[in-house]
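Here is a short briefing for a first look at a protein model. Keep the structure in view as you read.

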Amino acid sequence: MNFKILLTLAAVLLSAWAIFHFKTQLGIFVVPLFFGLVFFVTLRLYRLMEKDEPSDNRD
């Protein structure tokens, strides 16, 4: 596996743990942080799937 992928996965898991562990201290910021984390993971997975597609040059 790529080191960048593993680093991203570790950062996301640590962020998710921090959000839900400190949810009482974060208060109303939990929901925007959660949506931001989901958005980040979605974009990162989309970029990984883009790399898997073969390049079609039908010129």
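Val31 is partly exposed: its relative accessible area is 49%. Val31 sits in helix H3. Bear in mind that this is a predicted model.

**The nonpolar patch**

- Val31 belongs to a nonpolar patch on the surface, together with Phe20, Phe34, Phe35 and Val38.
- Together, these five residues have about 460 Å² of accessible area.
- Which helix gives the most to the nonpolar patch? Helix H3, residues 30–52, does, with four residues.
- Phe20 is found in helix H1.
- Phe20 counts as partly exposed, at 42% relative accessibility. Partly exposed is the class between buried, under 20%, and exposed, over 50%, so 42% belongs there.

- Phe20 and Val30 are ten residues apart in sequence. In space, their C-alpha atoms are 7.9 Å apart.
- Val12 is another residue found in helix H1.
- Is Val12 buried or exposed? Val12 counts as buried, with 15% relative accessibility. The reason is the cut-off: buried means under 20%.
- Val12 and Val41 are 29 residues apart in sequence. From C-alpha to C-alpha, Val12 and Val41 are 7.5 Å apart in space.

**The largest pocket**

- The largest pocket has a volume of about 250 Å³.
- How many residues line the largest pocket? The lining has 13 residues.
- Nearest the centre of the largest pocket lie Ile5, Thr8, Arg44, Leu45 and Leu48.
- Helix H1, residues 3–21, and helix H3 each supply at least two residues of this lining.
- The largest share of the lining comes from H3, with seven residues.

**The whole chain**

- The protein chain has three helices and zero strands.
- Along the sequence, the pattern reads α-α-α.
- The chain has 59 residues, and buried residues make up 8% of them.
- The accessible surface of the chain comes to about 5,500 Å². Carbon and sulfur atoms account for 69% of that surface.

**Confidence in the model**

- The mean pLDDT of the protein chain is 83. A value of 70 or more is reached by 83% of the residues.
- Where is confidence highest? Helix H2, residues 23–26, has the highest confidence, at 91.
- Confidence is lowest in H3, at a mean of 85.

Terms used: Residues numbered from 1 in each chain as written. Predicted model: local features only at pLDDT ≥ 70, side-chain atom pairs only at ≥ 80, totals over all residues. Heavy atoms only, no water. Patch = residues over 30% accessible without salt bridge, like charges linked within 9 Å, V, L, I, M, F, W, Y side chains within 5 Å. Areas by Shrake-Rupley, 256 points an atom, 1.4 Å probe, with all protein chains shown as cover. Salt bridge = Lys/Arg side-chain N within 4 Å of Asp/Glu carboxyl O. Buried < 20%, exposed > 50% of the residue type's maximum accessible area, 1.4 Å probe, protein only. pLDDT = per-residue confidence, 0-100. 1 Å grid on protein atoms, 1.4 Å probe; cavity = no way out; pocket = protein on both sides within 12 Å on 5 of 7 lines; lining within 4 Å. Points joined across faces, edges and corners; volume = space filled by probe spheres on them.
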